[in-house]
Structure formats: C-alpha cells, structure tokens
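Hello,

Here is the structure I promised to pass on to you. Please have a look at it first, and then read my notes below.

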Amino acid sequence: TMEYTARIHHEDGTYWVEVLELPGVFASGDSVDELLDGVKEGVALYLGDGENNATEVSEFKLAVTA
C-alpha cells in the first residue's frame with residue numbers, strides 16, 4: 001500500500017489539489033467529487049508504466065488538520 005499527501009485548497013469557489021510526493025500531479029474542480037475524480041486520474045497516470053496505461057487507484061483516505 002502506498003500513501004500520498006494531497007493538499008486541498010478552496011479559492012474563489014473552486015477547489016484544487018496538489019499531491020506533495022508526486023511532483024506535477026494536481027487537479028481542480030468545481031466540487032469535491034469532481035476534484036477527487038481528477039486527482040485520482042492524475043495519480044493513476046503518474047504511476048502508470050509510461051505508455052499511457054494508468055494503474056488503478058483503489059482507495060482515498062481523507063485527513064483534516066486544523
């Protein structure tokens with residue numbers, strides 16, 4: 001099992017996320033569901049085998065810090 005830290009931002013009515021351990025992996029969306037779909041796809045593509053074959057991301061765990 002691999003775990004990555006995704007930092008979620010909410011600005012001007014839009015969400016965006018960056019995955020700290022995977023440089024260049026980010027996503028944006030108008031809703032949290034759209035955001036999670038985008039980041040899931042981005043992580044899968046990043047971890048793919050380099051021939052546009054994405055690996056499957058099976059689980060997200062959300063932790064909120066204050």
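**Strand pairing and what surrounds it**

Val17 has Ala27 as its bridge partner in strand 3. Before going on, a word on the model: it is predicted, so local features need pLDDT of at least 70, side-chain atom pairs count only at pLDDT 80 or more, and totals for chains, interfaces and linings use all residues. Residues are numbered from 1 along each chain as its sequence is written, and side-chain values use heavy atoms, with hydrogens and water left out.

Overall, the protein chain has 1 helix and 3 strands (DSSP runs numbered from the N terminus: helices are H or I with at least four residues, strands are E with at least two). Along the sequence the pattern is β-β-β-α. Of the 66 residues in the protein chain, 20% count as buried (under 20% relative accessible area; exposed is over 50%, partly exposed is in between, with a 1.4 Å probe and protein chains only).

Back to the strands. Two of them pair if DSSP finds at least two bridges between them. Strand 2 and strand 3 (residues 26-29) are antiparallel and pair over 4 bridges. Their hairpin has 6 residues between the strands, and Gly24 in its turn shows a positive phi of about 90°.

On the other pairing, strand 1 (residues 6-11) and strand 2 (residues 14-19) also run antiparallel, joined by 6 bridges. Here Ala6 has Val19 as its bridge partner in strand 2, while Ile8 stands opposite Val17. The hairpin of strand 1 and strand 2 has 2 residues between the strands.

Asp12 sits in the loop between strand 1 and strand 2. Asp12 is not a glycine, yet has a positive phi of about 50°. Asp12 counts as exposed because its relative accessibility is 81%.

Finally, the charges. Asp30, Asp33, Glu34, Asp37 and Glu41 form a negative surface patch. Patch residues have over 30% relative accessible area and no salt bridge, with like charges joined within 9 Å. Areas come from the Shrake-Rupley method with a 1.4 Å probe, and only the protein chains shown count as cover for residues. A salt bridge would be a side-chain nitrogen of Lys or Arg within 4 Å of a carboxyl oxygen of Asp or Glu. Asp and Glu count as negative, and the charge is placed at CG of Asp or CD of Glu. One of the patch members, Asp33, lies in helix 1 (residues 32-47). At 59% relative accessibility, Asp33 is classed as exposed.

Best wishes

How values were computed: Patch = residues over 30% accessible without salt bridge, like charges linked within 9 Å, V, L, I, M, F, W, Y side chains within 5 Å.
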